Amino acid sequence: MKFLSPDSRFMQGWNDLTDAIWINILMLVTSLPVVTAGAALCAGSTALRKSQRGQGTVTRNYFAAFRENLAKATLLWLIFGICGAAITYSWIALQITPLLIPKFALTIIWAIGFEWAFYLQARFENPLGQTLRNAYVFGVVYFPATLACVAIDVVFVGVLVAAWFYMPQGLFLLVVLGYGCMLALHVPILEYALRRYTRQ
């Protein structure tokens with residue numbers, strides 16, 4: 001049966017899915033202290049990128065990237081985590097009509113930076129400030145890629161919220177698939193956008 005051949009698209013897709021699930025589990029475990037979630041995002045991105053290219057082993061790539069990005073990614077996470085929490089609080093608690101436009105603007109600014117900052121941190125060696133600047137430059141210049149990543153995340157969060165309210169029994173499956181599978185969709189989009197900067 002050709003579809004079970006190691007080189008078939010089915011088996012390649014299956015391997016990519018199992019790698020993404022395993023990376024998601026690694027991300028969940030290494031994010032338990034919460035403050036290390038940024039390093040987990042960087043490590044997940046690197047492990048998925050190398051997995052999709054057939055480079056090395058998933059677990060080794062993940063932990064190597066986790067250690068390498070821990071310091072800078074943690075600072076990035078503190079910036080985006082605190083700002084994201086403040087923006088979320090404003091949407092929940094500050095139901096004031098004149099604040100709608102500032103809240104939308106801040107949410108968009110946060111989302112653009114979030115979609116790019118951790119991937120750029122994992123992909124390039126730059127000072128933290130340069131990584132943040134590049135996140136917004138690339139986020140605007142390659143806005144279709146940014147929009148695609150945001151759409152993927154919005155769909156995932158929407159499904160998660162819907163499952164929480166309407167189908168709690170499906171939450172376990174969503175947690176297992178998790179953000180690792182979403183990152184697996186992000187990686188080819190962002191790699192394509194960055195192709196002129198990553199050619200050897």
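## Overall fold

Take the contacts in the protein chain between residues at least 6 apart in sequence: 71% of them join residues at least 24 apart. Keep in mind that this is a predicted model.

As for overall dimensions, the C-alpha atoms fill a box of roughly 60 × 45 × 35 Å along the principal axes.

## The H6 and H7 pair

Two packed helices are described by the angle between their axes and the distance between the axes. For helix H6 (residues 143-166) and helix H7 (residues 171-193), the axes come within 9 Å and cross at roughly 175°. That crossing angle is over 145°, the cut-off for the label, and H6 and H7 are therefore roughly antiparallel to each other.

On the H6 side, the contact is made by Ala145, Ala148, Cys149, Ile152, Asp153, Phe156, Val159, Leu160, Ala163 and Trp164. H7 brings Leu171, Leu174, Gly178, Tyr179, Met182, Leu185, His186, Ile189, Leu190 and Ala193. Sorted by type, the residues of this contact come out as 17 nonpolar, two polar and one charged.

In soluble globular proteins, nonpolar side chains tend to be buried together. Here the largest nonpolar core has 43 residues, and Met27, Tyr62, Trp116 and Tyr179 are the ones with the most contacts inside it. Two or more residues come from each of helix H1 (9-30), helix H2 (37-52), helix H3 (58-93), helix H4 (100-123), helix H5 (128-141), H6 and H7. H7 gives the most, with eight residues.

Trp116 is a handy place to start browsing. Setting aside neighbours within four places in sequence, Trp116 is in contact with Ala135, Phe138, Gly139, Tyr142, Ala145, Thr146, Leu190, Ala193 and Leu194.

## Two residues to look at

Gln121 sits in helix H4 and, at 3% relative accessibility, counts as buried. Again leaving out neighbours within four places in sequence, the contacts of Gln121 are Cys42, Asn69, Lys72, Ala73, Leu76 and Thr131.

Val155, in helix H6, counts as exposed because its relative accessibility is 54%. Val155 and Leu183 are 28 residues apart in sequence, with 13 Å between their C-alpha atoms.

Technical notes: Residues are numbered from 1 along each chain as its sequence is written. This is a predicted model: local features need pLDDT of at least 70, side-chain atom pairs count only at pLDDT 80 or more; totals for chains, interfaces and linings use all residues. Side-chain values use heavy atoms; hydrogens and water are left out. Axes are lines fitted to C-alpha atoms, for helices over the stretch in contact, and angles run from 0 to 180 degrees between N-to-C directions. Helices (H or I, at least four residues) and strands (E, at least two) are DSSP runs, numbered from the N terminus. Angles under 35 degrees count as roughly parallel, over 145 as roughly antiparallel, 65 to 115 as roughly perpendicular and the rest as oblique. Contact means heavy atoms within 4.5 Å. Ala, Val, Leu, Ile, Met, Phe, Trp, Tyr, Cys and Pro count as nonpolar, Asp, Glu, Lys and Arg as charged, and the others, Gly among them, as polar. A nonpolar core is a set of buried Ala, Val, Leu, Ile, Met, Phe, Trp, Tyr and Cys residues joined through side-chain atoms within 4.5 Å. Buried means under 20% relative accessible area, exposed over 50%, partly exposed in between (1.4 Å probe, protein chains only).
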